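Here is a short tour of the model shown below. Keep the sequence and the 3D view side by side as you read.

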Amino acid sequence: MGELVVPIDDDSLHIITFKSGSNKATPVARQAVSDVWELESWLPLTESRNGTTFSAVFHLLCSGIGFQALLLPAAFLSLGWAWGIICLSMAYAWQLYTTWLLVNLHEPVPGTRCSRFVRLSIIAFGPKLGKLLAIFPVMYLSGGSCVMLIITGGNSMKQFFNIICEEGTVCGSKSLTGTHWFLVFAGIAIIIGQLPNLNSMARVSLTGAITSIGYITMVWALSIGKGRPNGVSYSLPDAEKTGMNGFGNILNAIGIIMLAFRGHNLILEIQGTLPSDSKQSPRKSMWRSVMVSYLIIPMCLFPLAIVGFWAYGNKVPANGVGILTAFSQSHRHDTSKLVIGLIYLWLTISCITSYQIYAMPAFDNLEFVYASSQKRRCPGWVRVGLRLFFGGLTFFIAVAFPFLGSLAPLLGGMAVVPLTFAYPCFMWIAIKKPRSKGKMWSLNMGLGCLGIVLSVLLIVAAIWNLADHGFNANFFRP
């Protein structure tokens, strides 16, 4: 006897049983498989499976390089040169390994594809526990990331405008408020977000990849060219090195490094855009895309972290856009405003394009609710309405809670760290069932448990830091 696991919806899994050596199944089983394939063809994540290795590379780069990387030099202030580089290298190797796990778990059972992280979690841990573990991280990394992108992108648009239109000029007197800039950003993002499916966004992701690499490279290259400003220090004050303050600063630094690596909630979704047939699995194509993109990502992140710490040291703030703020403050007077403006422009474009790929799981879930209840494809006007609703909701949250960046370490410890560094390890054990206490079992169990421990410690450190330093809860005042 054989079994085929088919995720029909978030509440149940259909296990279709058939005789070994036979492709025949019961009429009910055939109908269930047919219904799943039809539903998959209606949803934006799996509507088009005509992606290529190149399109997957674009998606991986667009989702994997974000503004969070600009905070990496601040992590080195607490860890120092040696431990900063060691922790950055270990985090890179760890998340590359968990990416490999997810790529190989895309087809947990031969003949069926799992193109959504929540579905894989349900297969691995069961319907109740799977949803409990995965829904909040995926929801935060989709909706929460879009909110943060509106905040960061809107502020970048404002900075770009202020740089190009100086005070005293005609355009300088017409500067918009923070809310207006958020609205402009969200409007552009929602318009681009009307593209039908993830595969159709390949050129958008290519644009995002180019601009992300561009502004990060410009920041660290110009920092070398301009040299170190006066008064740079490479260590914290003595009071911040000992006791709970020192322990909390170290954990927060580790958190900054771990949060810089993102996009694991989109690995299965991106792989779902690649074609598959009986002769070729999408696993090989996806892994080639991963290898290309993960050769480029460290070429951006490592120089940014090392050069940024060398150039600015304690001048890099541990919030906002980090090294970009330090660069603007230190070299505003000896750098062309067009150059600084170009950096902020590329950062804005990067945020707009990243919004599209991080919003796609939310679009997919909204359309899934409609398609599964109405038993038909989502009409165009409904699709537009759902995406307008999601865009409006993220805009409202960004305006209402513009201080969410201060809560990023807390929410990241709760969502990003377990989803990126722990869950894939436990999924491999649950699905592949390696020999107990063998090499793969021990490796994945050790890394999974370490990821959960680090997640708890980062949450504690974030709560302590908020209690000790507080934060500016500027509701509705972006």
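## Terms and model

A residue is called buried under 20% relative accessible area, exposed over 50% and partly exposed in between, using a 1.4 Å probe and protein chains only. This is a predicted model, in which local features need pLDDT of at least 70 and side-chain atom pairs count only at pLDDT 80 or more, while totals for chains, interfaces and linings use all residues. Residues are numbered from 1 along each chain as its sequence is written, and side-chain values use heavy atoms, with hydrogens and water left out.

## Helix α16

Helices are DSSP runs (H or I, at least four residues), numbered from the N terminus. Helix α16 covers residues 439-469, and its end C-alpha atoms lie 44 Å apart.

Among the buried residues of α16 are Asn444, Leu447, Gly451, Leu454, Leu458 and Leu466. Their cover includes α3, α8 (243-260), α14 (408-414) and α15 (416-432), where contact means heavy atoms within 4.5 Å. Just after α16, glycine 470 has a positive phi of about 70 degrees.

## Nonpolar cores

A nonpolar core is a set of buried Ala, Val, Leu, Ile, Met, Phe, Trp, Tyr and Cys residues joined through side-chain atoms within 4.5 Å. The largest one has 136 residues, and Leu72, Phe117, Ile257, Met286, Tyr355 and Met427 touch the most other members. Helix α3 (residues 72-105) gives the largest share of this core, 17 residues. A second, separate core of five residues includes Leu39, Trp42, Phe368 and Ala371.

Conventions: Helices (H or I, at least four residues) and strands (E, at least two) are DSSP runs, numbered from the N terminus. The expected span of a helix is 1.5 Å times one less than its number of residues.
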